[in-house]
Amino acid sequence: MYDFAYHKPATIADAVKILSADPDARAIAGGQTLLPALKHRLNRPPAVVDLSGIAELRGVKRDGNKLTIGALTRHVDVANSPEVQAAIPALAKMAGSIGDIQVRNRGTMGGSVANNDPAADYPAAVLGLNATVVTDKRRIAADDFFQGMFTTALEPGELLVAVEFPIPEKAGYAKMRNPASRYVMAGVFVAKTAGGVRVVVNGAGPGVFRQSEMEKALTANWSADAVAGVKQSAEGLNGDIHGSAEYRAHLVTVMAKRAVAEAG
Amino acid sequence: MPQVTLTVNGKAHTVEVEGRTLLVELLREQLRLTGTHVGCDTSQCGACVVHVDGDSVKSCTLLAVQADGCKITTIEGLAKPDGTLHPMQEAFREYHALQCGFCTPGMVMSAIDLVKKHPAGLSEKEIREGLEGNLCRCTGYHNIVKAIAAAQDVMHGRRSELARAAE
Ligand SMILES: Cc1cc2nc3c(=O)[nH]c(=O)nc-3n(C[C@H](O)[C@H](O)[C@H](O)COP(=O)(O)OP(=O)(O)OC[C@H]3O[C@@H](n4cnc5c(N)ncnc54)[C@H](O)[C@@H]3O)c2cc1C
Ligand code: FES
Ligand code: FES
């Protein structure tokens, strides 16, 4: 790892100031993605801005029909939060299934959402639940936030502050993990929300995407049988040594059925 | 150079580090606590697991500066000053839960965190799932799981002495 200047600001404003002054500076939250990347010398930030001193980025708050989760909230805290478990059990369960205990003890929601790894779990939940990403500058609808592999609407220097999750009527998530890396080969997050049914696929493609045929099928009939007949096209999906695009496409239907069963 | 102050196994240290210094490098190279191992250095094997403020973390995936002000426990901090082993260490010995021993410090640290956070007790399946972040290249998982199952009874006070391994 190349060396860098280390900053630990105490406020969002100070963090944004340092990050905006130098477009190559990087924020660090849990470091579970950034540090492995820096060790590979994938990039060389002159400065690393530790967000952990900013208390307002942390915590879970229920406000009427919406759950607001601070960017710095760790996976373990979301998994164990009574508020999340009561309001959106599928979200708590998803957070508890990320990586391993040690990764969940450090990794944060904001880091996962900002990173937008195609095989990550959080982006599926954020898009599936029609959440709103709140930054230091603006509010971004999930449909506009995720823009393909490792790409989001965040601009250089922009800080993810929180994500607001509207509480759905029901939601469920199922994934097939790669047996070695344990990352998602194909996952499906389904939700019945005030704004309609949403079905989101992760792991299988270059980024999270909505499966509109399944959304239609579930709107007409909310049941595992309704999605069983919907085939996902293999076009554009990932194919690698772990599984072909056709295999991943097949998994999408299987995971969709399981996710609906999980949602109840 | 940044300065970090942390408590390691009950003893306070103030150390100069680089921004990029990993916690495991601080422990091994500056404090000479070499019981914490580095297996993969890519956040996968768990040989480097230590406790930071009571949570198990991979010390190869944490900057030393991120641990400023924290309480760290390493494998060296488990036994009593008179040499009496922690029940988890004792169980690993009794159940032959190691072969080459390379993964053992991380296994023991992960296992203690896992057991502490599940006061109601863990099933064999839960123990196996809880070890997701620790790899044993000698594939001695079977005895590791048995050792943890036995140690939890002592740690939670359900038994005063470790159940002996079957002959
Ligand atoms: C062994 C292992 C297994 C894993 N398994 C899984 C898995 O099964 N599923 C899964 O989803 N993930 C998995 N992960 C990734 C893990 O969930 C990470 O914690 C997460 O992707 C990143 O969170 P972090 O807080 O560690 O972010 P960091 O590594 O600190 O940051 C990641 C990126 O996000 C940026 N960033 C962080 N916070 C903000 C913010 N508030 N605003 C703007 N930018 C920000 C950083 O600059 C950096 O570019 C795994 C990781 C490891 C090491
Ligand atoms: S050395 Fe840290 S996880 Fe392998
Ligand atoms: S005992 Fe050899 S790696 Fe586990």
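**Strand β10 of chain A and its surroundings**

In the hairpin made by β9(A) and β10(A), six residues lie between the strands, and A:Arg182 takes a positive phi near 70° there. Before going further, note that this is a predicted model, in which local features need pLDDT of at least 70 and side-chain atom pairs count only at pLDDT 80 or more, while totals for chains, interfaces and linings use all residues. Residues are numbered from 1 along each chain as its sequence is written, chains are lettered from A and ligands numbered from 1 in the order in which they are written, and side-chain values use heavy atoms, with hydrogens and water left out.

Strands here are DSSP runs (E, at least two residues), as are helices (H or I, at least four), and both are numbered from the N terminus. Strand β10 of chain A covers residues 184–193, and nine of its 10 residues are buried, so the rest of the structure largely encloses this strand. Buried means under 20% relative accessible area, exposed over 50%, and partly exposed in between (1.4 Å probe, protein chains only).

β10(A) has a partner in β9(A), residues 170–177, and the two run antiparallel over eight bridges. Strands count as paired if DSSP finds at least two bridges between them. In this pairing A:Val188 of β10(A) has A:Ala174 opposite. β10(A) also pairs with β11(A), residues 196–202, again in the antiparallel sense, over seven bridges. Here A:Gly187 has A:Asn202 of β11(A) as its bridge partner. The hairpin of β10(A) and β11(A) has two residues between the strands.

Let us look at two residues of this strand. A:Thr193 belongs to β10 of chain A and, at 14% relative accessibility, counts as buried. A polar atom of the A:Thr193 side chain lies 2.7 Å from the backbone oxygen of A:Gly196. Such a polar contact is a pair of N or O atoms within 3.5 Å; within protein, one must be able to donate a hydrogen and the other to accept it, and residues adjacent in sequence count only if both atoms are side-chain atoms. Neighbours within four places in sequence aside, A:Thr193 is in contact (heavy atoms within 4.5 Å) with A:Gly128, A:Pro168 and A:Arg198.

The other residue is A:Lys192, which forms a salt bridge with A:Glu169, with the closest N and O atoms 3.9 Å apart. A:Glu169 sits in the loop between β8 and β9 of chain A and A:Lys192 in β10, so this pair ties together parts 23 residues apart in sequence. A:Glu169 is exposed at 59%, whereas A:Lys192 is partly exposed at 24%. A salt bridge means a side-chain nitrogen of Lys or Arg within 4 Å of a carboxyl oxygen of Asp or Glu.

Over all chains, the count comes to 26 salt bridges. One of them joins A:Lys66 to A:Glu164, with 3.9 Å between the closest N and O atoms. A:Lys66 is in β5(A), residues 66–70, and A:Glu164 in β8(A), residues 160–166, so parts 98 residues apart in sequence are tied together. A:Glu164 is buried at 12%, while A:Lys66 is partly exposed at 28%.

Salt bridges also lead us across to chain B. Between chain A and chain B there are five. One is the pair A:Asp100 and B:Lys58, at 2.7 Å from N to O. Another joins A:Arg74 and B:Asp55 at 2.9 Å. This pair crosses from the loop between β5 and α3 of chain A to β4 of chain B, residues 55–58. B:Asp55 is buried at 15%, and A:Arg74 is partly exposed at 21%. Both belong to a salt-bridge network that also includes A:Asp77, B:Asp113 and B:Lys117.

Finally, here is the interface as a whole. In it, 25 residues of chain A contact 26 of chain B. About 2,000 Å² is buried between the two chains, with carbon and sulfur atoms giving 53%. On the chain A side, A:Lys39, A:Gln102 and A:Arg106 lose the most area to chain B, together 29% of what that side buries. Buried area is the accessible area (1.4 Å probe) that two parts lose on being put together, summed over both.
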